[in-house]
Amino acid sequence: MNIPEGILVSKTHEWVLEDDNGSTIGLTPWALEQLGDVVFVELPEIGTTFSKGETFGTIESVKAASEMYMPVGGEIVEINESLINSPELLNEDAFSNWLIKVKADNFQEDSSELLEYNDYQDEVQ
Amino acid sequence: MVVKEEIEAKKTILYDEHIKLGAKMVPFGGWLMPVQYEGIIKEHNASRNSAGLFDVSHMGEIFIKGIDATDFLNSITPADISALKPASAVYTQLPNETGGVVDDLIIYNSRGIIENIDYLIVINASRIKEDVEFMQNKAKKFDVEVINKSDDFAMVALQGPKAKYVIEKIGVNLDLQPSFFTFKNAKLNDIPCLLTRTGYTGEDGFEIILDNKNAKKLWTDILSYKDEFNIHPAGLGARDTLRLEAGLPLYGHELNENTTPIESSLGNFVPENKTAQYSAKDFILGQKTGKIPLRRKLLPFIMQDRQIAREGYEVYIEGKLCGKVTSGAPSITLGKNIGFCMIEFSSLEDNLVSILNNSKENIGMDIQIMVRNKLYNAKITKKPFVKKNYEK
């Protein structure tokens, strides 16, 4: 599993990678390990807009359902369709199996409280 | 997503083994227990197809001793204890004065098996305090002692179609193994234990009760056959999905102090021909024979799409809120989402109640479950969800 360079992570375990095409959002390997076998993912409709910290979807393991929160606010431009039928992919590689792509409203401001991946790792371990 | 913090709880004697095996530990019934090792799906499938090994040392053990032991137990449970032979076991409940359930339990007639002890009772970890208090209070009218031995014993469950071959390897030949719902004294690799043919998975298998000091050796001895029999250590996560598929109730979910065994759909465990009196017998039997109406009923359901129903979700029939999900999960064996719900009859019209009350007519009936503010279809079915695989 390759850790993408430059990712930032929220306190609620969502990672975000900002590049020229927008923001790609996923869940950290640590969070997925805590969840265990993922059996269901519910993702938002393309075109919906969420602000930073808002619930954008649900992830369910065998045991429980958890909500996922926007690390930055913006409009949903793409969802990872392959996760609808194969949610277990998330347990295999948490970075290549991203959840949503977002056109961020104000990435600079929204991302100011996010952690760099190494600092996040130190915090959860 | 938010990850819950762990809370301080008691450790079983096998705690270090779980950590070594990479278990994720969670608090359950006052104990820190393994919820999973490699993953619930793997552990679930191993228990269905080969063998799962569970630490269930959190369960409580009660000894009953005295000349009134049989009469005493007969007076506190719907089961006919006078018909329970030595070395046999029965699943039953502990009803309170209004027919609600204090706990569900397995009673073992231990005469001739545990020295000077008439009965062994295995109870839920979360109910030890309530059960002991309840029983000791009821015991005042009898010449009987209720002794809480929960801290003295470890308990390990080996469940699945390969379990009997593992037990054969470590000391008890197939033809000498206890049959379904019986038990015996045994030596497993020289470790003295009670070998019981019971479980909570719907599979053939054993629950092994032994002194704490021997538990680690038995656990590692069984796991030394891991590769030969595909034994997986299995946690509470798999235990829950297995028992749900088998249609077995979990106290605090399908059973509680305000609901009778009949309302919790356990009528099969309430004999009508028992002569002895017990708490709320007339009420419970009245419900079983249809003379007293049920106030609510536990019903199994299958979701009709991919949404998973979870405990506490609201249940609707014909647009009316009428109950809650008591347990819900993906069925790993069926590949569908299943659960139990408690339907409150007071919120429904009489014609619907009469259909729900009829175990033939209610099958296939449509209900809706509220998942994140949207209603999704489910159908009433019958239990078990997955056929039981007991060796009888």
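B:Cys341 is a buried residue, at 0% relative accessibility. This comes from a predicted model. No disulfide involves B:Cys341: the nearest cysteine sulfur belongs to B:Cys322 and lies 7.5 Å away, and a disulfide would need the two sulfurs within 2.5 Å.

| Domain of chain B | Residues |
|---|---|
| Domain 1 | 10–56 + 152–244 |
| Domain 2 | 60–148 |
| Domain 3 | 293–392 |

Going by C-alpha atoms, the centres of domain 2 and domain 3 of chain B sit 32 Å apart.

Then there's helix H9 of chain B, residues 281–288, with B:Lys281, B:Ile284, B:Leu285, B:Gly286 and B:Gln287 buried. Strand E6 (89–95) of chain B is part of what covers them. After H9(B) comes B:Gly290, with a positive phi near 85°.

What does chain B bring to its contact with chain A? Chain B puts in 22 residues and chain A 27. About 1,900 Å² is buried between the two chains, with 55% of that from carbon and sulfur atoms. Three salt bridges cross this interface, including one between the side chains of B:Arg310 and A:Glu60, at 2.8 Å from N to O. There are also 12 residue pairs in polar contact across the interface. On the chain B side, H8(B) gives the largest share, three residues.

Key:
Residues numbered from 1 in each chain as written. Chains lettered and ligands numbered in written order. Predicted model: local features only at pLDDT ≥ 70, side-chain atom pairs only at ≥ 80, totals over all residues. Heavy atoms only, no water. Buried < 20%, exposed > 50% of the residue type's maximum accessible area, 1.4 Å probe, protein only. Domains from an automatic or database assignment. Helix = DSSP H or I, 4+ residues; strand = E, 2+ residues; numbered from the N terminus. Contact = heavy atoms within 4.5 Å. Buried area = accessible area lost by both parts, 1.4 Å probe. Salt bridge = Lys/Arg side-chain N within 4 Å of Asp/Glu carboxyl O. Polar contact = N/O pair within 3.5 Å; in protein donor to acceptor, adjacent residues only side chain to side chain.
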